[in-house]
Amino acid sequence: MNEFLDPVALARWQFGLTTLYHFIFVPLTIGMALLVAILQTAWVRTGKEKYLRLTKLFGKVFLINFAMGVVTGIVQEFQFGMNWSNYSRFVGDIFGAPLAMEGLIAFFFEATFIGLWIFGWDKLPKKIHLMTIWFTWIGTVLSAYFILAANAFMQNPEGFVLNEERGRAELESISDVLLNPVALTQFPHTIFASLMFAGVVLVSVAAWHLKRNQFVDEMRTTLRFGAWTNIISFIGVGLSGHSLGLVMTETQPMKMAAAEAMYNTASGRDASFSLFSLGTPDGAHEIFSVRIPYLASFLATNSLDGTVEGINDLQAEYTQMYCGGADSLLTCPTDGSFVPIVWVTYWAFRWMIGLGAIAALVSVVGLWLTRKGNIELPKWTWTVAIWTAPLPMLASLVGWVFTEMGRQPWIVFGVMTTEQGISPGVPGWAVLVSLAAFTIVYGALAVVEFGLIVKAVKAGTPEIARVGGGDGTDGSGEVDQNQLATVY
Amino acid sequence: MELTTVWFLIVGVMLIGYFVLDGFDFGVGMSLPFLGKTNTDRRVLINTIGPVWDLNETWLIVAGASLFAAFPEWYATMFSGFYLALLLILIALILRGVSFEFRHQRKGVKWTRWFDQFIFWGSVLPPLLWGVAFANLVQGLPIRAVEGGGWLYEGTLLTLLNPYGLLGGIVVMLLCFTHGLVFVALKTVGEMRDNARKMAKNVGLVTIVLAAAFLVWTIVMNLSNPNIGLIITCAAIAAVALIGGWVANLAGREGWAFAGNTVTIAFALLTIFSALFPNLMISTFGGENTMSVVGAASSQKTLELMTWVAVFTLPLVLAYQAWTYWVFRKRLTHDMIPAETPAEATV
């Protein structure tokens, strides 16, 4: 019974659940804001109505999604204080700064301009209105940067000093916090991944309509726009992912070892990357695997004959470093293990790469098949394209599972363990109640949200009302802005 | 002035921003079952706050993050201490926020009725619970200083639900309700405007009585507080503005009424802040357990950095948010709401 009410486990489940849920909406918001801004720019520059109709359609998807992103974001901020108050008081001086900067510089900006964009169609001049969606996008990107900088402090704490007297970490250099190498590499990786997600949503929506031969001209544009976005972003994800891997090996070698399930230190040919592996349930012994020699060495060190440290050696090293000295109280985990759950990190790492690659591959094939205006394709190809939509999302989610699981047992790497970060005064049952409440509410909202997005997407692009009876085919009728206003 | 004091004031300004701005959209949400007879009425009501409720709510998020950065001890102790109250607030804010967006996405009486309920309860609960929490901060809480740093809240949710705390909650909720009703009168025309004004008159009267009781109670409780002069001054300004706003509403001057309510909310919070300073959380266990502004603050370096950020961004934020209000300054009419299908026109 007690195990069910362990506040550390429950708080971790809650953090994992609420963060992953939040992270369904955030990447789509970041990616979709840019694509909508580009579509609207295309409309303003060319005057072609199809771009306006597409702006409207994907703007709607974006908004349904944005509402969810905001409300689930408040939970993120509050739960640091609610469930992790020891962590909050220990690092607030340094971790709070990027969070507050996010709020003051980015979030205010984004939330204000999105309101102007939604309701400003008939109230602002065309170009000013276009500016509001670009500002919204800039806000989302800045927001992402500050949050990633905060997260980078947990992965690779820099720019702080320990104040023994106050018993906390204090800020020493804000530039070290904001220019943390983990943040600098994680940022492009996350932004490109977000763009992939949005790109594939476009591909999927277009495929759904093209399969039914409706909205053909608009949807062909959408398909190719989405596919190109996806492919270019995939290249960006790959390159930034590789540099992130190098930084990770440097700062958290245990995470890299766990990603490869490598128990023993190896180098060169022996530091192989296993595409697939079957092992004993604890992951310590391998039964069967398919391996690519040298690849792990390349991923970790950028050279074919580099050395990748194994889990066993790192465990021994960390035990000596953190569990023997005078300040062992602060840093040694109670069970003495510095190894994250290996099968989770191992598979999350592979699924992240694999799912993203499949989505990109579908886009490449799709671009090739639809070249020169061809959309006469067998139905099943469209079905495949429709179902690529969730792939980059799942890739992002398992990517975060990998990042955060791989950090365990630390809440701040090398400084504070996760179990030390808990709120001392909050009983397990209270955490259980809130975990249950969030699970129920989030679950119900997921169903509603998904249903609404599907409904909006299936309805296709909206009719654009006109003043003076323009027939809508030659673009001569003036678009009636009053009818366009989004109204609840 | 000490930077810790500066940040106490900045956080205060943000909280005032939050309660003044989100305050009126909570009030509009509360008015939904009373002023929204038909679905079109309710859509007009929701659209009065449509473009701004989201940016109003950002003040909470930014105030929370600033609290985290400037007073981590306060943030950690209060947020873990008020656990269940905050959980309720979060659930209420989630359901309310998505309801604005989801409500209109599908036609059907049942569908919209669900989201109307969420908007109503999501607008009642947060100001009520915030009021309870803030009143309890003034009254004092069972918090204990922990050896080696930090504070621990030793009460429960029931500890907070004492007479003074509950009165504080009801007063904050009613202030928001009045504020919202006046806002509806300010933003609409015709029958809706008249109804809102009439309701603001009645609700305003109850608010005046209870707010006066709360302010007097606060003063009596703080007679030995060194800031008593400031407390009385702020409370007096709040009371005068509330009555002034009520009279302006009677006279049909909604702009002045709204300004009066704004001043009331600001000075009611200032009364609370004056009663607290130089502390953040007063312990019922006695002096050495009380959390002071200085004791809860971040390092000088963090405060300096955050001050620069705030000095550069806050004026900009105020400017572009003011511009938003300017863009959407026109009154709403029923004609601006697109026609509905007959099935949903009646309740």
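Entry 1: I began with the unreviewed UniProt entry, which annotates residues 6–32, 74–98, 118–141, 161–182, 203–222, 228–251, 263–285 and 305–328 of chain B as "transmembrane region". UniProt positions follow the numbering used here, feature names are shortened, and such annotations may be inferred rather than shown by experiment.

**Entry 2: ground rules.** I noted that this is a predicted model, in which local features need pLDDT of at least 70 and side-chain atom pairs count only at pLDDT 80 or more, while totals for chains, interfaces and linings use all residues. Residues are numbered from 1 along each chain as its sequence is written, chains are lettered from A and ligands numbered from 1 in the order in which they are written, and side-chain values use heavy atoms, without hydrogens and water.

**Entry 3: two spans.** I looked up helix (DSSP runs of H or I, at least four residues) and strand (runs of E, at least two). Residues 74–98 of chain B are 96% helix and 0% strand, with end C-alpha atoms 30 Å apart. For residues 263–285 of chain B I found 61% helix, 13% strand and 35 Å between the end C-alpha atoms.

**Entry 4: cysteines.** How many disulfides are there over all chains? Counting cysteine sulfur pairs within 2.5 Å, I get one. C323(A) and C332(A) form a disulfide, with sulfur atoms 2.0 Å apart. Its S-S torsion is about 85°, so the disulfide is right-handed.

Buried or exposed, I wondered, is C176(B)? Buried means under 20% relative accessible area, exposed over 50%, partly exposed in between (1.4 Å probe, protein chains only). C176(B) is buried at 2%, and its sulfur lies 19 Å from the closest cysteine sulfur, in C234(B), too far for a bond.
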